[in-house]
Amino acid sequence: MLGLAGLGLAILNSKTLGVGTEGKILLKTVHVWIGYVFVLNLLWRLVLAFIGSEHARWRAFLPGGHGYLAELSRYLADFRTGRARQYLGHNPLGRLAITVML
């Protein structure tokens, strides 16, 4: 994401930065290739959400399910005291962060 944003800003401000026509073409080409890699990575992650391991599936990283809110409350209370529990998969707060990113 940072590479795409950085290159996008460089392309947008190419005149100010003194980038010539050939340099702008190169920036656009690299920008497109990074975009392809990003999309392939996202598609692979979506495939893993259906056929991946126990911790890679939808139910393991999306919030919800029986007892989720109680677990989130316990996790936040423990986190505030500095003794947050360790999880094999995503912790309850991480599950919320993933949902926001998706």
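1. Arg85 is partly exposed, with a relative accessibility of 48%; the classes used here are buried (under 20% relative accessible area), exposed (over 50%) and partly exposed (in between), with a 1.4 Å probe and protein chains only. The model is predicted: local features need pLDDT of at least 70, side-chain atom pairs count only at pLDDT 80 or more, and totals for chains, interfaces and linings use all residues. Residues are numbered from 1 along each chain as its sequence is written, and side-chain values use heavy atoms, with hydrogens and water left out.

2. Arg85 forms a salt bridge with Glu71, with 3.3 Å between the closest N and O atoms. The criterion for a salt bridge is a side-chain nitrogen of Lys or Arg within 4 Å of a carboxyl oxygen of Asp or Glu. This pair links distant parts of the chain, 14 residues apart: Glu71 belongs to helix α5, and Arg85 to the loop between α5 and α6 (92-101). Helices (H or I, at least four residues) and strands (E, at least two) are DSSP runs, numbered from the N terminus.

3. Glu71 also meets Arg74 in a salt bridge between their side chains, at 2.5 Å from N to O. Both lie in helix α5 (residues 68-81), three residues apart, which means a separation of about one helical turn. An α-helix has 3.6 residues a turn, so residues three or four places apart point the same way. Glu71 counts as buried at 15% relative accessibility, whereas Arg74 counts as partly exposed at 47%.

4. Arg83 is exposed, its relative accessible area being 56%. Through salt bridges with shared partners, Glu71, Arg74 and Arg85 form one network.

5. In helix α1 (residues 2-12), the buried residues include Leu4, Leu7, Ala10 and Ile11. Viewed down the axis of α1, the buried residues fall within an arc of 130°, so they line one face of the helix; the arc is that of the directions from the helix axis to the C-beta atoms. Leu2, Leu9 and Leu12 are exposed on the other side of α1. The buried residues of α1 pack against α2 (14-17) and α3.

6. A nonpolar surface patch is formed by Met1, Phe38, Val39, Leu40, Leu42, Leu43, Leu46 and Leu102, with about 780 Å² of accessible area together. Patches are made of residues with over 30% relative accessible area and no salt bridge, like charges being joined within 9 Å and nonpolar side chains (Val, Leu, Ile, Met, Phe, Trp, Tyr) within 5 Å. Val39, in helix α3 (residues 21-51), is partly exposed, with a relative accessible area of 43%.

7. Overall, the protein chain has six helices and zero strands. The C-alpha trace spans about 60 × 35 × 15 Å along its principal axes. Of the 102 residues, 19% are buried.

8. The accessible surface of the protein chain is about 7,800 Å², and 68% of this belongs to carbon and sulfur atoms; areas come from the Shrake-Rupley method with a 1.4 Å probe, and for residues only the protein chains shown count as cover.

How values were computed: Contact = heavy atoms within 4.5 Å.
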